[in-house]
Amino acid sequence: MGSSSPGREGIGRPGEGARASARPRRVPAYRRSAEFRWTHDAERCARCKRCVQQCGFKALSWEDGPVVDPDKCVGCHRCETFCPQEAIAVVPNVQHYRPHPLWGQAHRQNVYLQAETGGVLLTGMGNDLPYPILWDHLLLDACQVTNPSIDPLREPMELRSYLGRIPDKVEVKMKDGRPEPATEMGPVLQVETPIIFAAMSYGSISLNAQKAIAMAAAECGTLWNTGEGGLHEELKPYADRAFVQCASGRFGVHADYLNAGAAIEIKIGQGAKPGIGGHLPGEKVSAAVSETRMIPVGSDALSPAPQHDIYSIEDLKQLIFALKEATNYEKPVSVKIAAVHNVAAIASGIVRAGADMVYLDGFRGGTGAAPTIIRDHLGIPIEIAIAVVDQQLREEGIRNRASIVAAGGIRSSADAAKAIALGADAVAVGTAALLALGCTLCQKCYTGKCSWGITTQDPRLTRRLDPYVGSKRVANLVRGWSAELEEILGAMGVNAVESLRGSRERLRAVGLDKTTLEILGVKPAGVGA
């Protein structure tokens, strides 16, 4: 639960109980304890110095053996992983304060740090506070006797999905004795699995990391997302499988960029930081990032909290159709929003404004950088958001006008199946893809010092990540989850993912209160049809 922040880790604390007439005395500094304890077995050590070479945070030096600066160790485990003698262990450093039911260790240390720096505490990745994880309270149905299950090894299973607007009705005409649709169909995206990749921009992650994800999307027949950082030249061969994002900063947005992608995404909000903009530190704006984003080298890339041309649904509609006009109505347009309290009404307005997809990002969604206080305390769970948005659109009779993509805490194929049963058309994964590339969730993405070469622009570190090896790992993850989805569908007695979408009757809940059950539209376990 400990939050991280740039700046020094030790602070001064005034003395207590000193009398006014007493001689001034030196006040001992109260040192904010290190988050991790680095231990080393000197007898096993091969003295290869590999641990010093591998640390991107410069926490290790060599003085007749490895020496650690405990304040710099972030627990990324790179040194531990690459030690050939397994002589290193990195474990949480628990400082035993006097127990207090309100003031835990994390709260106290954050106060100490802010008392010294006066700054905003920053962090990376998703919300790590112990809120209930609703996925773990939902169970999927299975078939038994009267509706037998299906063996996915012997019978075909359909995971292919289509994202975009579906007309209210389809009229058919005869041509040369054969029926053909007379209704004009809008642009729709075809994916071979209902698993796509979340937005992660070049700059927040390295080019090698983004290239690995783009290559994996092409290999698996699914989609990736450029994020708000533009499209690097090396990634143009994979643009036909990409969402190109148009965010408030408009970084790298131009006509060629919009026409290069398979679809366009308007970013209104992000699950990890709803209601605020983005900030890419100047330290991560290299020459290549500068060229792609169309900003000066070394300058901070600041995305405003609002899109300054959107202050109403009518304004959003104007931007949606401006983007469609710029791409000759050949690209579907998605709108990404954070899951917040009135998300259902917002989604309804987005669909009525002409969006072809609504991208819902829950409060556990990852980020490269966000104020800790925002990440941990704003937004709502993606499970709730999917259910209420799907229900709202159904009640208004407009569910067919837009697909729902759910993101923000999808950890496995089981989570994906449950999201689809709640009403999502597809799920987007970001953190899982980074884990496949080697991420250890140290939450220091914003520093630009990632030892694994994922969230850094330092050439010495980025070269550690081979995009070709990385793409195979990410593609393996998608293939594994897809195979498990087929197993789940077979156990439920259906042979197409389309049959599971919005079928909340196939879900049951354990350990949830009545109000939550009503919001989710799910019955408690033990209750029949």
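Me: On what basis are the values given, and from which number does residue numbering start in each chain?
Reply: This is a predicted model, in which local features need pLDDT of at least 70 and side-chain atom pairs count only at pLDDT 80 or more, while totals for chains, interfaces and linings use all residues. Side-chain values use heavy atoms, with hydrogens and water left out, and residues are numbered along each chain as its sequence is written, from 1.

Me: Into which domains is the protein divided, and how many Å separate their C-alpha centres?
Reply: The division gives domain 1 (1-119) and domain 2 (192-498), with bounds taken from an automatic or database domain assignment. Between the C-alpha centres of domain 1 and domain 2 the distance is 34 Å.

Me: What area is buried between domain 1 and domain 2?
Reply: The contact (heavy atoms within 4.5 Å) takes 18 residues from domain 1 and 15 residues from domain 2. Buried area is the accessible area (1.4 Å probe) that two parts lose on being put together, summed over both. Carbon and sulfur atoms give 49% of the area buried between domain 1 and domain 2, which is about 1,300 Å².

Me: Which side chains meet in a salt bridge at 3.3 Å, N to O?
Reply: A salt bridge requires a side-chain nitrogen of Lys or Arg within 4 Å of a carboxyl oxygen of Asp or Glu. The count between domain 1 and domain 2 is 1 salt bridge. At 3.3 Å, N to O, the side chains that meet are those of K444 and E35.

Me: Which helix gives the most to the side of domain 1 that touches domain 2?
Reply: Helices are DSSP runs of H or I with at least four residues, and strands are runs of E with at least two, both numbered from the N terminus. At least two residues of this side of domain 1 come from each of α1 (50-54) and α2 (78-82). With 3 residues, the helix that gives the most is α2.

Me: Which strands stand at the edges of the open sheet of 8 strands?
Reply: Two strands pair if DSSP finds at least two bridges between them. The sheet has parallel pairing and the order β13-β23-β22-β20-β19-β16-β15-β14. Each edge strand has a single partner, so one side of each is left without a neighbour in the sheet; these strands are β13 (195-197) and β14 (224-225).

Me: Which residue takes a positive phi in the hairpin of β10 and β11?
Reply: Strand β10 (residues 172-175) and strand β11 (residues 178-181) pair in the antiparallel sense over 4 bridges, and K175 stands opposite R178 in β11. The hairpin has 2 residues between the strands, and the one with a positive phi near 55° is D176.

Me: How many residues apart are R506 and D141?
Reply: The whole structure holds 28 salt bridges, one of them between R506 and D141, with the closest N and O atoms 3.0 Å apart. R506 lies in the loop between α14 (467-491) and β24, and D141 in the loop between β8 and β9 (161-164). The pair thus links distant parts of the chain, and the separation in residues is 365.
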